[in-house]
Each structure stands twice: as structure tokens, then as C-alpha cells.
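These are my notebook entries on a structure that I looked up element by element.

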Amino acid sequence: MDYKFVPSVCPYCGTGCGVLFEVIDGKLVGTLPNKTHPVNEGKLCIKGWNMHEYINSFMRLKQPLVKAFGRFMKTEWDEAIRITADRFKEIIEKHGPDSIGVLVSAKITNEENYLAQKFARAVIGTNNVDHCARL
Amino acid sequence: MRFIQDLFKFMGLEGRLHLAWISSAEAQKFTQVVTEFTEKIRKLGPNPLSGKNIHPFGDTGNSRAGKLESIQGGQDASAG
Amino acid sequence: MQAQVEQWLKEGKVDIFIGYKNIDGHVLPHFFTKENIDEVKDLVVGQAHYSLEKVATKVAVDHPDMKIGILLARDCNQRALHVLYVWNQLNPNHIQTMEAFEASSDLEQPEVTAPYKQKMGLGKSMLPKDVEAFDQAERFSRWMYEFSKCIKCYGCRNICPVCFCKECSLEHKDLVRAGNLPPEIPIFHLVRAVHMAGRCIDCGLCEEACPADIPLRLLYRKVDEIVQDVFDYKTGTNPDQSPFSVLGEKVVLEPTPINE
């Protein structure tokens, strides 16, 4: 039986509390707060306490999926991005650029956030940029 | 019972829990006990958990407050 | 101490030893086994305060025959083990303990309480008798102020070394509704307090894990006082005491034949 405590960081919000994952035989089974972490000092919110539940969830996506013929079909990344780009072009032509919104995240770097809003404003041509922390 | 009464006292909800064993044949005693306890509760004042008093800073907008009133405050149990 | 642990593992006195190790500057719980016996020289005991007994309980569920060694770094660890023995969560024959008391889990005095908390709520280093100095209305409003900060993270329950129920009543849909904040105060905390009667060993982990700084230890200390007062039951002192206590005198019935 291989029982380890692996220190890590909570992936939910931008705070980044330190956690300890309880890993039994390579599988994540529990979450504990890291008492010596400077950010949270041993305290977690309910999302942090239950991280082990969603990480192993069968509902997680493993491959890009594209809806075709009324069903989700597995596809490759290049194909998925190309299909998305084509659909964006269609939507912009038909309904105008303001019909598309972009959601950024607290978990990505500031530089990536900048990139996302630049994409929204310069490429798509819309001001509709919002943040996951407001949701 | 003693345990919960002590705990309530620690919380600031003293004297709101009462246990009485009354047989269904002792109707008079039942009315007497209930009337006395009702008077006692009336004197103690409204249950601080009822209405909108849950949050010390004002109304939380939760309607659970009304339900809590039926769980705490003026309770007595009678065994028939 | 490390030599002793090495010897235990080599002899087979314990299959695994739960202690602490310094990983990247953090002192974290670690499992020392015979396979990686070289790691034993990294065994440390710092100011870290994790519930190793709870970890042992989880291991014992899946591997009931495994012999586990536990490092006792604080005085509350021994009390936790006693309570777990009493409630049949751990088998005392399979547990080997090693004492290395580095820290005490008594209240650290004095604590600097922020002025607003002093005015509206209750400080963490208060004792039950300090609360009894307030009158009923005052006590109620102070406790409600403290409880209203609760974010229902269940941290107090998750980290408690003596909480082991598979179906926690705090998650019962008829008692605590999911998706509502604040939780049903004060019922939520009072239910937890009542469940801690006879089990709480005053380790302080719940208070340390509460992100809202609710003085849980004060509440559970009062519960412990009531239990000692009314039922004459001292939690965690004796691994052989029954979890129930009988009030009054024991009556022994002698068998007598019906027709005498």
C-alpha cells in the first residue's frame, strides 16, 4: 500500500491555497489543507476540501468534442480549432461581432488574460470581455 | 435534557426547553403545565431566532428564519 | 528516535510508521515503510500539527490487520487514540506509538483579539467562565455574530480526528439545505457541538481549520464541562471506558425461581 501526501495548489480561484493530496496507490482520494503554506495557513473553503471528487470524475473531458449530426463526436485539436474559427467567422458575418463574448479566468496569468482580451477586441471586434470571478 | 438545557444557557437561550411527563388521563395537569410554560415564555420575550433577527447586521433575506421558530423557543414534550 | 523506528520496521513490529518529513520546506505527514527505510533518517518533529490518528483510521478501514506505528507529537494525540479505541475505530493491538512531545495543545495565552471581535464576538482564548460573565441576550448576540461568519466549508468536521461517521448528519438534506449560505445557524454548530459530547479531545484542529475564526474550541470545551459535570465522563483519559455512561446506581437482578 503506497500512501503519500503530495503538496500542491488548489486550482479553483485565484487565491491559490496550499493543499495536500492524499494519494493511495497512485489514486487521489482525499484533500487536506497545508498548515505551513503562507497563503492559507491550514484553512480551506468548501471547494478546496472537495477537490479529490472532481479530479477523478468520469464526467471530465478527455478529448475535444464537436457536435455533428446531433451528437458529440471525438476529434483532434487542430480540427476542433479550425471548425471553431470557421463558425466564428460565420457568426460574425451573420450577427455582427458583438454577438460573441469572451470569458477570462483568475487561474491564468495576466499575460494570457491580456492576450484573451486582445483577441476579443482586435480579432473578433467586440468589447464583451468578462471574468469568471463575477459568475 | 440537562445537557441541552446547559448548552442553551451557554448560548443565551436559557429556559426555553422543558420536559414534562403527562399521561393522557391527566388532562388537567396538561393544561396547567402548558399554560404555565406559555406564560414563562411570554415573559422571556420573543425567540431571538424568529423573524428577521438571524443576522445581527440585518435581514439575510432567508426564509428559513420562520421555520427555525418552530424548532426552538417554547418547546415542551409530553408523553401520553 | 529514528533508530528506534528503523528497528521497529526491520523487526516487523510495525508494517508502516506514520510520522513527519520535511518536503520542500514544509513539514508534512509521511509514511515510512520497510521498502524505503532510508527515508527514516529524515523523520522530523516540528511544530506541525496534523491529525495522524485520522490517517491511521483511514488505513485501518482498508487494511484492518496492518500494524501501524504513530508518532505522538502532542498531548492531544494520545487522547485521540483513546477515544478511537473506545469507539472501535482502531485496534489497540495493532497500534504502536512513539512519544516525541514537542508542542502542547493547550490554549496559547494571551491571544490578541481584534477590537471589533472583542466588541461584537468572542475571542478564541476565552474560557467558558468568561462567557458566563455575560448575560443571556449578550451571549446570544455574540454567538450569533460568530456563527454568522460560517461559510459551511465543513473544515471543522473534515479535519476532526474523532469524527468518523460515514453519513454525517450535518449533510442530511432535511437538516442542512445544500446551496444555502449562511447555514442554519445556530443549529449547525449546536448539532456539531452535541455530537462532540464525549468525543472532543480539545486538540484545536477545528479552530485552526476554520477560515472564519469561529471560537469552536470554546464551545466544545463547554460541552466537555457539561459532560463531566452531569455524566461524570472524562473524555480521552481511559482507553477502556465505555462510550456510554450509566446514571444512578447499577441494579443487579438475581435470578429467582418463579414458584417459591
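**Entry 1: helix H6 of chain C.** Which residues are buried in H6(C)? I noted first that the model is a predicted one. I then found that C:Arg139, C:Phe140, C:Arg142, C:Trp143, C:Met144, C:Glu146 and C:Phe147 are buried in H6(C). I took burial here to require 20 or more other C-beta atoms within 10 Å of the residue's own. I looked up the extent of the helix as well: H6(C) covers residues 136-147, twelve residues. From its first C-alpha to its last, H6(C) reaches 16 Å, close to the 16 Å expected at 1.5 Å a residue.

I next asked what covers the buried residues of H6(C). The cover includes H1 of chain B. It also includes, from chain C, helix H4 (115-120), helix H5 (128-131) and helix H8 (187-195).

**Entry 2: chain B against chain C.** I recorded 16 residues of chain B in contact with 21 residues of chain C. On the side of chain B that touches chain C, helix H1 (2-11) and helix H3 (64-71) of chain B are the elements that give two or more residues. H1(B) provides the largest share of that side, six residues. By class, I listed nine nonpolar, three polar and four charged residues on the side of chain B that touches chain C.

**Entry 3: the domains of chain C.** I noted that chain C is divided into domain 1 (2-103) and domain 2 (115-231). Their C-alpha centres lie 29 Å apart. Eleven residues of domain 1 of chain C are in contact with nine residues of domain 2 of chain C. To the domain 1 side of this contact, helix H2 (52-62) and helix H3 (75-86) of chain C each supply at least two residues. The largest share of that side, five residues, comes from H3(C). I recorded its classes as four nonpolar, four polar and three charged.

Methods:
Residues are numbered from 1 along each chain as its sequence is written. Chains are lettered from A and ligands numbered from 1 in the order in which they are written. This is a predicted model: local features need pLDDT of at least 70, side-chain atom pairs count only at pLDDT 80 or more; totals for chains, interfaces and linings use all residues. Two residues are in contact if their C-beta atoms, placed from the backbone, lie within 7 Å. Helices (H or I, at least four residues) and strands (E, at least two) are DSSP runs, numbered from the N terminus. Ala, Val, Leu, Ile, Met, Phe, Trp, Tyr, Cys and Pro count as nonpolar, Asp, Glu, Lys and Arg as charged, and the others, Gly among them, as polar. The expected span of a helix is 1.5 Å times one less than its number of residues. A residue is buried if 20 or more other C-beta atoms lie within 10 Å of its own, exposed if 12 or fewer, and partly exposed in between; C-beta atoms are placed from the backbone. Domain bounds come from an automatic or database domain assignment.
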